[in-house]
Structure formats: C-alpha cells, structure tokens
Amino acid sequence: MPVFGWIFLVIVLGGIIVGSFVHKYRYRNMNLIYTAFGQENYFNVIAKLKADGVAYKVRIPGQAFGDRERPVIDNTQYDIYVKRADAHLAADALRK
C-alpha cells in the first residue's frame, strides 16, 4: 500500500475515534428516553415533553452530510435524550 493510502487510513480512523469521543462527551449526562421513527411520532413525543417542561436533545443517527432528500415513507430515526435528573419526569410525561 502506498504511503498516501496509509495516511488516508490514519485520517479516516482518527476521525472515527474523535467523533465517538465527541458523541460520548456531548451526551455524557443524558439518558436516551425514546427513539421515534417518523416526524409524526417525533412531534407527538416532543409535545408531551414540552408540555411538562422537560429539557431534551435530539440526535438523528446515520444522517449524511447535506442529505436533504425526503423519501415517500418517513422512517427517519430520532433519538431523544433528557438529563439523567429529569429521566423520571420525562417517563411520566410520555405516559400521559
């Protein structure tokens, strides 16, 4: 393998490792409370959390850079995180 191939491999692996550390750091005090599929399900869950005043963060895994194409059937995955201290409040809000 030429030198440029090894450099490319090191850059790609380094990016993957740095990305995983950023994800771990960003969500270190958060719990995954719900995974919604599709916008309708997502907005229903978010409305319940907002009604009870629960702060949240949303992550869309597998989203490509600049991918704006909308399929006919919306199967987009939304991972909804809340702070660990608010996990019980979020669970109560989702049961309503």
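Predicted model: local features only at pLDDT ≥ 70, side-chain atom pairs only at ≥ 80, totals over all residues.
**Sheet**

How many bridges join β2 to strand β3? There are 3 of them, and β2 and β3 (residues 77-83) run antiparallel. Strands here are DSSP E runs of at least two residues, helices are H or I runs of at least four, and both are numbered from the N terminus. Two strands count as paired if DSSP finds at least two bridges between them.

Zooming out, 3 strands make an open sheet, ordered β1-β3-β2, with antiparallel pairing. β1 (30-37) and β2 (57-59) sit at the edges with a single partner strand each, so one side of each has no neighbour in the sheet. From one strand to the next, the twist averages 30°. Axes are lines fitted to C-alpha atoms (for helices, over the stretch in contact), and angles between N-to-C directions run from 0 to 180 degrees.

Residues are numbered from 1 along each chain as its sequence is written, and side-chain values use heavy atoms, leaving out hydrogens and water.

pLDDT, the predictor's confidence in each residue on a scale from 0 to 100, averages 86 over the protein chain, and 90% of the residues score at least 70. Confidence is lowest in helix α1 (residues 3-26), with a mean of 84, and highest in α2, at 95.

An unreviewed UniProt entry lists residues 6-23 as "transmembrane region". UniProt positions follow the numbering used here, feature names are shortened, and such annotations may be inferred rather than shown by experiment. In the model, residues 6-23 are 100% helix and 0% strand, with the end C-alpha atoms 26 Å apart.

Helix α3 (residues 87-95) lies across β1 and β3, at about 25° to β1. The largest nonpolar core has 13 residues, and Y42, L49 and I80 touch the most other members. A core here means buried Ala, Val, Leu, Ile, Met, Phe, Trp, Tyr and Cys residues joined through side-chain atoms within 4.5 Å. Buried is under 20% relative accessible area, exposed is over 50%, and partly exposed is in between (1.4 Å probe, protein chains only).

I80 stands opposite V58. Leaving aside residues up to four places away in sequence, I80 touches a list including Y34, Y42, L49 and V58, where contact means heavy atoms within 4.5 Å.

N44 is in helix α2 and is partly exposed, at 44% relative accessible area.
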